[in-house]
Amino acid sequence: MDGRSILDDFTNYPLTDIGSSKLYADMFKSELRFVREMGLYFYYNGKVWVKDVGSIFAKRLAKKFAVKTVDKANGITDDKTRDIFVKYYCKFNSFNAREN
């Protein structure tokens with residue numbers, strides 16, 4: 001992305017489950033992949049892709065996702081837009097929300 005972060009364009013992702021999933025996948029695509037046919041996550045350990053047993057690595061990145069998106073949302077200058085994005089992404093700070 002020409003030196004820019006995926007989060008620089010995060011407001012282009014819809015505030016929906018699908019939009020959030022796509023943002024998460026785009027943010028961490030070099031570190032984490034979900035193989036639908038196997039129903040498993042794999043993470044890159046710097047050399048090879050490894051099965052993410054118990055989705056521990058995926059859960060760790062979900063926490064990172066929650067913090068980074070709220071931080072980025074707090075940087076939006078328009079008050080109304082900022083409030084919408086902060087409210088939406090704050091829900092990912094709940095463990096139950098990340099688990100579902």
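Threonine 69 is placed in helix H2, which spans residues 56–74; helices (H or I, at least four residues) and strands (E, at least two) are DSSP runs, numbered from the N terminus. The structure is a predicted model, in which local features need pLDDT of at least 70, side-chain atom pairs count only at pLDDT 80 or more, and totals for chains, interfaces and linings use all residues. Residues are numbered from 1 along each chain as its sequence is written, and side-chain values use heavy atoms, with hydrogens and water left out.

Threonine 69 counts as buried because its relative accessibility is 0% (buried means under 20% relative accessible area, exposed over 50%, partly exposed in between, with a 1.4 Å probe and protein chains only). The side chain of threonine 69 reaches the backbone oxygen of alanine 66 at 3.2 Å. Leaving aside residues up to four places away in sequence, threonine 69 touches Leu7, Phe10, Leu23 and Tyr89, where contact means heavy atoms within 4.5 Å.

Helix H1 (residues 17–27) packs against H2 at an angle of about 110 degrees, and the axes are 11 Å apart; axes are lines fitted to C-alpha atoms, for helices over the stretch in contact, and angles run from 0 to 180 degrees between N-to-C directions. H1 is therefore roughly perpendicular to H2 (65 to 115 degrees). H1 contributes Ser20, Leu23, Tyr24 and Met27 to the contact, and H2 contributes Ala58, Leu61, Ala62, Phe65, Lys68 and Thr69.

Lysine 29 lies in the loop between H1 and strand S1 (32–35). With 45% relative accessibility, lysine 29 counts as partly exposed. The C-alpha atoms of lysine 29 and lysine 63, 34 residues apart along the chain, are separated by 16 Å.

Methods:
Polar contact = N/O pair within 3.5 Å; in protein donor to acceptor, adjacent residues only side chain to side chain. Parallel < 35°, antiparallel > 145°, perpendicular 65-115°, else oblique.
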